Amino acid sequence: MNDRRKQILNELNLLPLWQLKSGTQRQSHQLRSLSEPDSTINLSQSIHHMDWDQLKQAVSQCTLCPLHQTRTNTVFGVGDEHADWLFIGEGPGAREDELGEPFVGPAGKLLDQMLAAIGLKRGDRVYIANIVKCRPPNNRNPSTEEAKQCEPYLSRQIDMIKPKLIIALGKVAAQNLLDSDDSISSLRGKTHDYRGIPLIVTYHPAYLLRSLPEKAKAWKDLCFAKTTMRSLV
Ligand code: SF4
């Protein structure tokens, strides 16, 4: 490993976890055997101390789970890094994968409308992220294992943002954040706790595009979220 590379990895607190592979893949950073529990624990600990730039760089180079093999871009998250509101979906779709930004397709437009309905705007006191940062092929749901591998990145984002309220968009986000198998209908309409931060569940905008009658329920959830936020300020 040359000195410059060593210096960069050291600044990212990623040594000695990352090493160069030999042979034709010499140019790629690869994580040492990810099945080694110690490596995973150490990586989580390293991520826990990263600042925004370090975290963005680590995500952009991440090969922790198989989703890295089919992604075009990682989708880190976007918005106000000191947001009061944090919206979390399940994972990037095709357009997001192409552009590297969450919620930019039709579902993104609907999310913007949902935000506007409660007086919010993307990037202004609002941050948007996903459970996984790489697109699951064919828009399938991320697996439990993929979500688990990606969790330290989101966890670090939440630590740095310190949102007042988290909105879980859809079943996958809700179940992963709350470590629950409960249905979305049973998780809606109440305030949950995510490591001391209130969390409210509503439908994913992509689901609402397919199930227009559920929009009324989502509106109810947003009103509930707005009332909850008022009580927190
Ligand atoms: Fe890494 Fe997350 Fe992408 Fe998997 S989904 S490769 S854990 S950034």
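Two strands count as paired here if DSSP finds at least two bridges between them. I kept that cut-off at hand while going through this predicted model.

**Entry: a strand pair.** I looked up β4 (residues 85-89) and β5 (residues 126-130) and found them paired in the parallel sense, with five bridges. Five bridges meet the cut-off of at least two, so this counts as a pair. Within it, I noted Ile88 standing opposite Ala129 of β5.

**Entry: the whole sheet.** Next I traced the strand order, which reads β3-β5-β4-β6-β8-β7. These six strands make an open sheet with mixed pairing. At the edges I found β3 (78-79) and β7 (192-194), each with pairing on one side only.

**Entry: helices on the sheet.** I then checked what packs there. Helix α7 (residues 171-178) touches β4, β6 (165-169), β7 and β8 (197-202), and its direction makes about 130° with that of β6. Helix α10 (residues 215-232) lies across β4, β6 and β8. I read its angle to β8 as about 165°.

**Entry: the ligand.** Which residues surround the ligand? I listed Cys62, Leu64, Cys65, Leu67, His68, Arg71, Val132, Lys133, Cys134, Gln149, Cys150 and Tyr153.

Definitions and conventions. Residues numbered from 1 in each chain as written. Predicted model: local features only at pLDDT ≥ 70, side-chain atom pairs only at ≥ 80, totals over all residues. Heavy atoms only, no water. Helix = DSSP H or I, 4+ residues; strand = E, 2+ residues; numbered from the N terminus. Contact = heavy atoms within 4.5 Å. Axes fitted to C-alpha atoms, helices over the stretch in contact; angles between N-to-C directions. Near = heavy atom within 4 Å.
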